[in-house]
Amino acid sequence: MRPDPVDAVSRLPAGQQPGSALTALAPMQDVTDLAFMSVITHYGAPDYFFTEFFRVHAQSHLEKHILRSIDENATGRPVFAQLIGEDITHLTRTATELLRHNVAGIDLNLGCPAPKVYKKNVGGGLLREPAKIDEILGALRAAVPGRFTVKMRIGFDDTVNFERILDLVNEHRVDLLTIHGRTVKEMYRSEVHYDAIARAVARVRCPVLANGNVTSAARAAAVLGETRAAGVMIGRHAIRNPWIFRQCREQFARQPVTRVTLADVRDYIGRLYRATMVDGLPERMHVNKMKKYLNFVGQSVDPAGAFLHDMRRAETEAALFAICDRHLLAEPAREFSPEPYPGVIARPNCETPSLLADGCSLETITA
Ligand SMILES: Cc1cc2nc3c(=O)[nH]c(=O)nc-3n(C[C@H](O)[C@H](O)[C@H](O)COP(=O)(O)O)c2cc1C
């Protein structure tokens, strides 16, 4: 059996063995479900998956579609169940319920920046209240005999509480910490503060995953060098490029990195379409759902954004795939750019999530 990567890395001085660096797919609402996990695995699975967050409150129950990504996980890789909430009784109840399923561990969300979420003092909102975080970490640590992990941003609108929260991570013996190197107020498109991630790596005793704008295997190696983190967590750029985990592994082992062609990308889009097909989902809605993934994919197809422009106008499956064939199979051997083309953005004019959004969603988040 493959040695457990977190255990293997946690025994090493941080940053000592880049060849063994960890990779994880970031939890993403509406994205990291069973279908997407299976597609990612086809192109090269990360070491770990994380579910979309389970909302926790007095009336909450385990959402069935998220539970499927645990119960029917056929990727061969462990999946952590992520919780978002602030009520201690119900957080521990939910963690206990989830531990009856095949989870790698329980992860607490301390980062979601959607106003509807942070205003309820959950997700990123909790970063304003270290005393509350202390209570929650203590209760969850006591309720979770196995692996208990945290995914956090570096602060709410500044980093005054950052060191204090990192000390709580140590005090409560958190097993793995992911840091998205932005504050809540910085949302998704500012620069990422890798220096803050480096400070966390130096301060906490558990392995740290660096997260935020890890766009390629080369960037992953640079971020590991800069932060000395034990690994990287990748979100939007894995939607754009599902080969990224395989490429990271090759890069870390100093092997040649897989070159992806436009024909490979056409294969990915077909596979994603089939995997996300749901009984009863009208064709138009399925096409619209595909456009949300393709918003990211299009950033690496052509520097002028012509694929993005055309694909956004498709209304039927036939039209969508005709556009894909035109843009991807005319020069099938041309390279799919490992980095997004500069200036080709996933959704223009969409930096601030809608106040109506009650979480992080593909409707509102760009790259
Ligand atoms: C569509 C979408 C949904 C997200 N949902 C979650 C979530 O459920 N839980 C969470 O901790 N972070 C969520 N995030 C944040 C990502 O996990 C990640 O921290 C962020 O996108 C930065 O990483 P990236 O630059 O690799 O995308 C979401 C991000 C996106 C784009």
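Which residue just after α9 takes a positive phi? That residue is Arg-228, with a phi of about 60°.

## The big picture

One thing to know before going further: this is a predicted model. The chain has 367 residues, and 48% of them are buried. Its secondary structure comes to 15 helices and 8 strands.

The 8 strands form an open sheet with parallel pairing. Reading across, the order goes β1-β8-β7-β6-β5-β4-β3-β2. At the edges you'll find β1 and β2 (49-55), each with a single partner strand, so one side of each has no neighbour in the sheet. On average, neighbouring strands are turned by 25° against each other, if you ignore direction.

β1 runs parallel to β8, and 4 bridges join the two. To find one of the pairings by eye, look for Leu-22, whose bridge partner in β8 is Gly-231.

## Further into the sheet

Strand β6 (residues 176-183) pairs with β7 in the parallel sense, over 4 bridges. Here you can look for His-180, which has Asn-211 of β7 as its bridge partner.

Next comes β4, residues 105-110. Is this strand enclosed or open to the outside? 6 of its 6 residues are buried, so β4 is largely enclosed by the rest of the structure. Gly-105, Asp-107 and Asn-109 point one way from the strand, while Ile-106, Leu-108 and Leu-110 point the other way. β4 also pairs with strand β3 (residues 79-84), in the parallel sense and over 4 bridges. In that pairing, Ala-81 has Ile-106 of β4 as its bridge partner.

## Helix α3, lying across two strands

Helix α3 (residues 64-71) lies across β2 and β3, and runs at about 155° to β2. Its buried residues include Ile-66, Ser-69 and Ile-70. Looking down the axis of α3, the buried residues fall within an arc of 100°, so they line one face of the helix.

What do those buried residues pack against? They meet α2 (34-44), along with β2 and β3. On the face turned away from the buried side, α3 carries the exposed residues Lys-64, His-65 and Asp-71.

## Helix α9 and what covers it

Back to α9, which spans residues 217-227. Ala-217, Ala-220, Val-223, Leu-224 and Thr-227 are buried in this helix. Down the axis of α9, the buried residues fall within an arc of 115°, so they too line one face of their helix. What covers them includes α8 (194-203), β7 (208-211), β8 (231-234) and α11 (244-252).

Two of those neighbours are helices. Two packed helices are described by the angle between their axes and the distance between the axes. For α8 and α9, the angle is about 55° and the axes are 8 Å apart. That makes α8 oblique to α9. On the α8 side, Tyr-194, Ile-197, Ala-198 and Val-201 take part, and they meet Val-223, Glu-226 and Thr-227 in α9.

Now the other helix: the axes of α9 and α11 come within 8 Å and cross at roughly 55°. That makes α9 oblique to α11. The contact uses Ala-217, Ala-218, Ala-220 and Ala-221 of α9. From α11 come Ile-244, Gln-247, Cys-248, Glu-250, Gln-251 and Phe-252. As for handedness, α9 passes α11 in a right-handed crossing.

## Helices α6 and α7

One more helix pair to look at is α6 (residues 130-143) and α7 (residues 162-171). They pack at an angle of about 15°, with their axes 10 Å apart. That makes α6 roughly parallel to α7. The crossing is right-handed.

Which residues meet here? Pro-130, Ile-133, Asp-134 and Leu-137 belong to α6, and across from them in α7 are Arg-164, Ile-165 and Leu-168.

Notes: Residues numbered from 1 in each chain as written. Predicted model: local features only at pLDDT ≥ 70, side-chain atom pairs only at ≥ 80, totals over all residues. Buried ≥ 20, exposed ≤ 12 C-beta atoms within 10 Å, placed from the backbone. Arc of directions from axis to C-beta. Contact = placed C-beta atoms within 7 Å. Pairing = 2+ DSSP bridges. Axes fitted to C-alpha atoms, helices over the stretch in contact; angles between N-to-C directions. Parallel < 35°, antiparallel > 145°, perpendicular 65-115°, else oblique. Left-handed = near helix turned anticlockwise from the far one by under 90°.
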